[in-house]
Amino acid sequence: MANCHLIIDSCCDLPPQVVKREGVTLMGFPYMMDGGTFTDDLFESSTAQEFYDAMRKGSEPSTAQVALSTLTDTFTAAAQEGTPCVYLAFSSGLSATYDAACVVADQVRAQYPDFELHLVDTHLASVAEGLLIYEALVQHEKGMTAVELAAWAEEARCFVNEEFMVDDLGALRRGGRIPASVAVAGAALDVKPLLVIGEDGKLALTGVARGRKKGIKQLAEFYKKNVDASGPSHVALIGHADCPKDAGRLRELLLKEDPNLFVLECSIGPVIGSHVGPEMLAVVFWGADKRDNMSVADRIARKVKGER
């Protein structure tokens with residue numbers, strides 16, 4: 001039985017049927033496309049194919065952080081319910097929503113002094129955030145308290161391993177997620193860039209693939225090299241931006257490596273999709289501690305700050 005209320009956001013890119021549970025609230029990020037403003041509802045009111053076909057035909061959607069009014073309404077409703085609450089937020093390295101949520105949370109706590117609300121910056125995005133939330137839902141239903149669930153998420157986020165391949169870097173460049181020089185170089189070399197989300201919650205280019213077939217194999221090899229079969233659950237998430245055949249091929253490669261693996265396929269939603277474009281493909285799983293890959297300088301900085 002759940003002992004707390006869980007708030008998540010639509011950048012987790014999980015299937016809607018996975019997140020629709022008692023005691024769980026989904027906040028939708030806004031996105032703008034072809035003169036209209038919409039809410040990311042995990043493709044319940046439209047389809048992934050419709051969205052990405054529009055991008056293929058020249059549409060250039062844009063995004064914004066969750067509105068302050070949405071944050072206020074969501075936190076206030078939770079406060080009025082009176083149940084201790086945890087918000088697992090989209091990476092602060094990619095959006096200002098977490099910082100805005102901290103401000104709003106203080107305002108709501110001032111109005112409701114007894115309200116217990118914990119905010120966790122997941123430092124994750126898309127199906128990487130989705131894997132953390134997928135397991136958080138399990139812990140939530142097992143009866144973790146708000147304090148326990150927030151502490152669990154703070155630690156577990158460091159063990160979410162992900163790699164994703166984009167067809168080109170144009171959308172990421174337009175959204176300011178990578179330098180223009182990197183995008184130009186990728187286009188000139190005609191390669192498929194491979195990226196990860198660093199421990200700081202920002203994107204990092206880790207390699208390239210000569211063609212999509214090789215890129216899919218490299219994603220499977222990344223899983224084989226880094227997976228921890230003793231992790232919280234033996235599960236992998238595959239995220240794709242309207243390229244189901246490629247997702248199916250990646251699934252085959254993962255199951256060939258481990259026939260007992262549970263693979264959950266997810267559509268990359270319109271907010272993340274606005275920045276990665278059609279044909280993005282990702283694999284996410286429980287693996288090595290990202291903090292082990294920190295530079296010496298970053299390790300020293302953490303020690304000075306008293307962090308792990």
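Let's start with two helices. The axes of helix 3 (residues 68-81) and helix 4 come within 9 Å and cross at roughly 45°. Axes here are lines fitted to C-alpha atoms, for helices over the stretch in contact, and angles run from 0 to 180 degrees between N-to-C directions.

A word on the source. This is a predicted model, where local features need pLDDT of at least 70 and side-chain atom pairs count only at pLDDT 80 or more, while totals for chains, interfaces and linings use all residues. Residues are numbered from 1 along each chain as its sequence is written, and side-chain values use heavy atoms, with hydrogens and water left out.

Back to the helix pair. Helix 3 and helix 4 are therefore oblique to each other. On this scale, angles under 35 degrees are roughly parallel, over 145 roughly antiparallel, 65 to 115 roughly perpendicular, and the rest oblique. The crossing of helix 3 and helix 4 is right-handed. Who makes the contact, meaning heavy atoms within 4.5 Å? On helix 3, the residues are L68, L71, T72, F75, T76 and A79. On helix 4, they are T97, A100, A101, V104, A105 and V108.

Next, strand 6, residues 85-89. Is strand 6 mostly covered or mostly open? Mostly covered: five of its five residues are buried. Buried means under 20% relative accessible area, exposed over 50%, partly exposed in between, with a 1.4 Å probe and protein chains only. C85, Y87 and A89 point one way, and V86 and L88 point the other.

Now its partners. Two strands pair if DSSP finds at least two bridges between them. Strand 1 (residues 5-9) runs parallel to strand 6, joined by three bridges. There, H5 stands opposite C85. Strand 7 (residues 117-121) is also parallel to strand 6, with five bridges. L88 has V120 of strand 7 as its bridge partner. Between strands 6 and 7, the chain passes through helix 4 (residues 97-111), and this β-α-β crossover is right-handed. In other words, with the strands pointing away from the viewer, the path from the first strand over the helix to the second runs clockwise.

Six strands form an open sheet, in the order 10-9-8-13-11-12, with mixed pairing. Its edges are strand 10 (203-209) and strand 12 (262-267), each pairing on one side only. Neighbouring strands are turned by 20° against each other on average, direction ignored. Strand 8 (residues 160-165) and strand 13 (residues 281-286) run antiparallel, joined by six bridges. E162 stands opposite V284 in that pair.

Helix 5 (residues 126-141) touches strands 8, 9, 11, 12 and 13, and its direction makes about 35° with that of strand 13. Helix 10 (residues 244-257) touches strands 11, 12 and 13, at about 160° to the direction of strand 11.

D34 is not a glycine, yet has a positive phi of about 50°. D34 sits in the loop between strand 3 (30-33) and strand 4 (36-39). D34 is exposed, at 63% relative accessible area. S126 also has a positive phi, near 55°, and is not glycine either. S126 belongs to helix 5. Buried or exposed? S126 is buried, with a relative accessible area of 6%.

Methods. Helix = DSSP H or I, 4+ residues; strand = E, 2+ residues; numbered from the N terminus. Contact = heavy atoms within 4.5 Å. Left-handed = near helix turned anticlockwise from the far one by under 90°.
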